[in-house]
Amino acid sequence: MSLLVVDNLVKTYPGGRKSPPVEAVRGISFAVEKGELFGLLGPNGAGKSTTIGCINTLVRPTAGRILVDGVDITRAPPEAKRRIAVVPQTRNLDSDLTVREILTYHGRYFGLPAAEREARADRLLEELKVADKARAKPKTLSGGQQQRVMIARALMHDPQLVLLDEPTTGLDPQARRLLWDILRGLHQRGLTLILTTHYMEEADRLCQRLAIVDHGRILTLDTPAALKKTLPGAQVLDLWVRAPRPLAPQLRAIPGVQNLEHVEVEGDGDEHERLRLFVDPKDGLLDRVLHAVREGGADLHHVNLAQPSLEDVYIHLTGKELRE
Amino acid sequence: MTVFLALLQRDVLVARRNAGPLLVATLTQPILVVLVFGNLLPRMQLVADEFRTVMLPGLMAITMMMAGVQGVLMPLVQDLSGGREVDERILTPIGVRGVALERIVAGALHAAVAGLIALPAMMLLMHQVSGMEVHPAWPALLPLAALCGLLSAAFGLTLGTHVQPRFSGLLFAVVLGPMMLFGCAYYPWAALAALGPVRYLFLLNPLTFMSEAMRLAVTPNVPHMPLGLLLGGLLGFLALFTILGARSFERRTIL
Ligand SMILES: Nc1ncnc2c1ncn2[C@@H]1O[C@H](COP(=O)(O)OP(=O)(O)OP(=O)(O)O)[C@@H](O)[C@H]1O
Ligand SMILES: [Mg+2]
């Protein structure tokens, strides 16, 4: 049986006097197995936090079912709450306590006996590399340190399922890498992790399976490798061009070009167009493409040929770039 | 239950750490009022001696009301604005209603402590002038103080969750100020008989029952409200504000 089942989840935030209702989640379904590292990848406002919120009971679903270990979480039964831990998107460490107290009090809230919570707090402070901050107030910690304290706090009550909402947003590359190592470590120990992110690279490296979410719907769900395989062609050739007339028909006709997409380039202000060609590499392909561009009277600004990445999958599905 | 106690323990720890500023915030006003109306004015013979006897329990009630409301309101503002520190507590097995009840009990503790510190402090200040009839009846005082504390805290939860956090300062001017003037703090319920049926309007103010409760407990010789009406009022308002407060706390925290 899956540890988590989300079945046709819908959440519409009721509107106010001046604001219309927001359909944040419009029918999301997925299941996460025990021990899996599952990702929700999507741009700002896709509905990731709302989905996480519904799973942890801080958001009341409009419709749909969520089962944790077979128990309906929307009734918030205490046993189900003990199995879940949350690392929220906004840092919410108890500002009146010290870092170590935050952990020991969290242990108290979940009924851990004194000896156990003290020992576990020390072990987790060590493990998450915040032991030197044990007596500090959370407000004096850096973003990365606060993030690690939040993870330590989440682990205090020995949950089975940890929900991490954008755990690496706003961290510098080094802090992000440290966090990745920590998350991999937790996963290897058998914890089930669900994380949201809008970093392609993060989703690709970390997640065993991931769902790409946009506008409150799951666009696709699979392993990163399988997602990349769904793209037509073995490589992706990106052209940034300025063309007086459409180039697409000529480019499409070139043998080896499997597919062509226009990509929306957000807000740069220059008139370059981004054309994305899914190609199977062949002798002379690049030559023929460049020739077609020149024939079309276009000004070629930039070229990029690469293995398909998750980002390409994303662009293929949405027609948009995902800006980091 | 263990979750409840753990949450309470955390609040007591934090309150103890902030005890200084917290007590100054709640006790300054009533102590100064006692100084002026209970000490200076009687010495200048500008108010009758009995006034002090009437005022003392009323001021205790006001102190507890302010302490209870503040004891809930201050952490609530922190909880409901941006930071969402409260989420950690809601995610404990006790759930959102449990957290609301715990907040009420923590606020009540704060109120009861403030009230019980205020009493001797006020008596000391008024002592210099004779003619006081203060005989605290401790067995009645303690449970009534606890009840008044709970009521104030539940009222604070109701206020705090119905008002945007940034407007909470306004509450003191718009709600609590008038309540204090029309809550039988500076005059006994018995004396309101002079107003005819208008006096029953005062029963809409929870502070009326708190003032009379303190009057019963601290100055038993002064005429006060019958015990039945008193308890009915206190318990009725407590139930009302607990339900209203817990409900809107839930509405504000679970989206
Ligand atoms: N409390 C709320 N009331 C009304 N609308 C909301 C509320 N919270 C979120 N929304 C709306 O719901 C949609 C989804 O928001 P959500 O926070 O779930 O997105 P997200 O994928 O987590 O985005 P981000 O990457 O920015 O965190 C957005 O359009 C947002 O404006
Ligand atoms: Mg989010």
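## Terms and basis

A cavity is, on a 1 Å grid over the protein atoms alone, a set of points where a 1.4 Å probe fits but cannot get out, whereas a pocket is an open set with protein on both sides within 12 Å along at least five of seven lines; lining residues have an atom within 4 Å of a point. Grid points are joined across faces, edges and corners, and a volume is the space filled by probe spheres set on the points.

The model is predicted: local features need pLDDT of at least 70, side-chain atom pairs count only at pLDDT 80 or more, and totals for chains, interfaces and linings use all residues. Residues are numbered from 1 along each chain as its sequence is written, chains are lettered from A and ligands numbered from 1 in the order in which they are written, and side-chain values use heavy atoms, with hydrogens and water left out.

## Ligand 1

Ligand 1 lies between chains A and B. Its shell (residues with a heavy atom within 4 Å of the ligand) holds 14 residues, the closest being A:Gly45, A:Lys48, A:Ser49, A:Thr50 and A:Glu166. By class, six of the shell residues are nonpolar, six polar and two charged; here Ala, Val, Leu, Ile, Met, Phe, Trp, Tyr, Cys and Pro count as nonpolar, Asp, Glu, Lys and Arg as charged, and the others, Gly among them, as polar. In chain A, strand S2 (22-32) and helix H1 (48-55) each supply at least two shell residues, and H1(A) gives the most, with three. Helices (H or I, at least four residues) and strands (E, at least two) are DSSP runs, numbered from the N terminus.

Oxygen atoms of ligand 1 approach several polar atoms of chain A. The distance is 2.5 Å to an N or O atom in the side chain of A:Thr50, 2.6 Å to a polar side-chain atom of A:Ser49 and 3.0 Å to a polar backbone atom of A:Gly47. The protein covers 66% of the 630 Å² of accessible area that ligand 1 has on its own (Shrake-Rupley method, 1.4 Å probe).

## The two largest pockets

The space taken by ligand 1 is the largest pocket, where a molecule sits in a pocket if more than half of its atoms lie within 2 Å of the grid points. The volume of the largest pocket is about 810 Å³. Among its 34 lining residues, A:Tyr13, A:Leu58, A:Val59, B:Arg84 and B:Leu255 are the closest to the centre. S2, H1 and strand S6 (84-87) of chain A, together with helix H6 (138-162) and helix H9 (227-253) of chain B, each give two or more residues to this lining. H1(A) gives the most, with five. The lining comprises 12 nonpolar, 15 polar and seven charged residues.

The second largest pocket has about 650 Å³ of space. Its lining has 28 residues, with B:Asp11, B:Val14, B:Ala15, B:Leu22 and B:Gly71 closest to the centre. By class, 12 are nonpolar, six polar and 10 charged.

## Cavities

Two cavities of 30 Å³ or more are found in the whole structure. The largest cavity has a volume of about 180 Å³. Of its 19 lining residues, A:Ala85, A:Val86, B:Asp87, B:Glu88 and B:Leu91 lie nearest the centre. S6(A) supplies the largest share, three residues. The lining of the largest cavity divides into 10 nonpolar, five polar and four charged residues.

The second largest cavity has a volume of about 40 Å³. H3(B) gives the most to its lining, with four residues. Six residues of this lining are nonpolar and three polar, with no charged residue.

How values were computed
A polar contact is a pair of N or O atoms within 3.5 Å; within protein, one must be able to donate a hydrogen and the other to accept it, and residues adjacent in sequence count only if both atoms are side-chain atoms.
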